[in-house]
Amino acid sequence: MTAHTTQRSRRAFFLQGGAVLGAGVASTVGAAALTPANAKAPDEHSKNLQQQLNDFANREAIRQLHLTFTSRLEHQAYEHLPDLFDEHAHVQLSGVAAAGKPAIARLFAEQYRNQQAPVMHGAYRPNALQQNDALTLNESGSHASATYHVDVQVNTPLQGDCTAAQMARLQGQMADCRWESGRLEASYVKTRGEWKIASLRYLPS
Amino acid sequence: MSTRNYKPLQMHRIPYTDLTEEQVTQALRPTASGPASRYPLSNVLAGKRLKIVTDAGGPTLEYHFRTGRELELSENGGKRVKAGYGALESRNLVLVSHMIPGTQRGYKLVVDQHSRLATVFEVYFSGYAEQEIAAAKAANREPQFKNGRRNREAQRRIWFGYVEGDGPAPTARHTFTNRMEGKGIYWRQDNDIEILEFYLSILYSNFIELTRFGGEMTVCAPSDYIMVSDHQFIYSRIECEFSGTYTLQIVDLFDMTQAGVRLGLNEKDELEYYMYTGQGELTGQIATFEVFGNNGETRGPRRVYRPIETFDVMTDDEVKEQVLNHAHAFGDGKGSGAAGMGGYKSERITHFAGKKLTVRMDNGGPVIDYEFVDGGKLKWRYEGDSHWREAWYEMYEPDDKLYFFAHLLDAEFPRSCAMVAIDLKNGLSTVVKGTTGTPFRNNETTPTYYFGVFEMEGAPTPPTYLRHGWTDEMVGEAVTWNYQPGNPGLTSMHFYATPTTYSWIIFQPDGSGGMQWSSPGWYSKLRDGVYIMAWVEEACNGTLGVICFNKRTMHDAGFGYHVGRNGLSLSVVGARARHAGKFDIKKYIGLKG
């Protein structure tokens, strides 16, 4: 997986994807009109452009997948998180781990939903190290890996089952909420044309 | 103080009828002609036409107020319908209330005749089931209707907007607010209803029904607070978990007046739909805990706490099994952890090991001999009984040489515990005996207070006549309790509303008041500034909480007694307090101020 590594800012990584794609399409049109006689064979040129387009499409799909994950987690749509994972995926978020899609579903639907996990991630924000974010696609476009430098909201659930704790939980409250810097290491797999998260691991700085 | 009409059942004990949609439709039929009122309503809108445009997908309402009591309405350009209505003025504001004949819904409008701003409340019935089904689907669970479909419970949608008129549409809007938070007001309505209202949360309020229920209990209701100006507010509440009645009123803090409407079905399933005015007296303003600059305008959704719906009622046999075979006091001697309400428990007192004492309660109350085996285990027996029992205990010192300990009593059904305060400065003692069960639910608890003395080697000779006793000194006080460390930790605010009740407010992460509930509560005085307060979370969690509160240290030592499907537990309560303020309300509930 060395063929197509990108290192640039998260903003560029995520937000300029569309612009880059646009530039690529534009250059395709331009290139077709102005191809000199000694240029590479049209087939090879088209192949390269097609590869670029595929890359852009894959990056956009992975971008959407990552945003969907962070958005659903932040909005506590826990029951809809497992859809984003591969059948054999594994996650490890501040020591709370699960392997396999059914276990990941239980992690979010039970441990997160009922605030039974000892520590829960509440939200992610790009941090000052985001320029070191990286996304790597393998040549066949079937696997990818990414690093996201983030600040993570680390929540410690309330203990006990007294009425006050029950009411606080209903308000989405935690015993302790703090922000911590670290990075998410993710890998992705494309199955039946759709990208899924194959692994997701959080590492504190 | 006027004559009080006490009711045999307080709101949380009334078995409100689970009416069908058809029954609600029938009950609401008289609303077609508009609200009643003791005094003439306003004609300010008679002959006028108003088009109200609302934001965020809300309705466009075109009104023709044909007379002072009859209107025509077209919703979103639809067919015109006729309805009776009522209107009240409050300075520049007009409050309008009407239902749509043949339906279970209608509108309350607050229109500002100067700014042309308007807030629209669509109020409807038979909407709970739909919400519950949607919530269950979102959470991937089965909908729950343990206490029925609650068709009688009013629901509301709120839209902010303006009245179309000459010139450009105003861009300002009424907003949600926290500017009412912390206030208490006594109201006397023009129909002689007296009520104490407390706005201690930005999502809830609590009130004491002086006229309708005698003023014994305070109850809580999910509420909305909307700011019109620095002195004009819209306040509304729904008596969820109870009758489901809807109340909306304009509150003017300059002249302390109100103009309101009440719509719902009372405990006899009779329609109450009337408008009223009232005169208020500010009873106090306590502290609020948001950071400065947080005005509550983006308050988030207003959730409803439904303890009656979620309370797990157990059978006799189920409770018996738990209290006999799954009873645990203080982790069976391993000590109460910092979980729940004990995160700030004080240092445990263990130096009674080897001591003996006898607590002797008055008037046939319990007389119990104790031998403290070590710092966590004691032996006890009723005086005259040769049989000593062993029990786990924990002891704390909430004030100098004032000790408070607790342990389980005999393994019988129903099962009791003893929470014992002994004062080594004067020989006085108070025992709160907690027992499982109430006439309503087996897995609730009941406290019984006993006042008396104790005898122990080295302890002073107790007085003959003086005793700890009941007090109303706590009435009106509001105290925050931080139970668990962390940010925000677990923090609630107690509001000691009358000598027999209190309410608690759970703070939201931004420091604003959130969900709120209430229960009966009782107060006794041990020393100046030191009190025992007991409460039972009736129709809620069933728990008995008993704390010894020291107002000098702003700390407590106490115990929780609870039975549920996870067993019977006796655990410690220890929290840090802040004084939030006090309401001057004694005179309204028949106490000397």
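The legends below describe close-up views of a predicted model. Local features are given only where pLDDT is at least 70 and side-chain atom pairs only at pLDDT 80 or more, whereas totals for chains, interfaces and linings use all residues. Residues are numbered from 1 along each chain as its sequence is written, and chains are lettered from A in the order in which they are written.

**View 1. The contact between chain A and chain B.** Chain A contributes 18 residues and chain B 25 residues, two residues being in contact if their C-beta atoms, placed from the backbone, lie within 7 Å. On the side of chain A that touches chain B, two or more residues come from helix H5 (163-170) and from strand E7 (176-191). Helices (H or I, at least four residues) and strands (E, at least two) are DSSP runs, numbered from the N terminus. H5(A) gives the most to this side, with 6 residues. The residues of this side comprise 9 nonpolar (Ala, Val, Leu, Ile, Met, Phe, Trp, Tyr, Cys and Pro), 3 charged (Asp, Glu, Lys and Arg) and 6 polar (the others, Gly among them).

**View 2. The cis peptide bond from B:Phe413 to B:Pro414.** Omega for this bond is near -5°. B:Pro414 lies in the loop between strand E24 (402-408) and strand E25 (416-423) of chain B.

**View 3. The positive phi of B:Arg116.** Although B:Arg116 is not a glycine, its phi is about 70°. The residue sits in the loop between strand E6 (105-112) and strand E7 (117-124) of chain B.

**View 4. The positive phi of B:Asp192.** B:Asp192, also not a glycine, has a phi of about 70°. Its place is in the loop between strand E10 (183-189) and strand E11 (194-199) of chain B.
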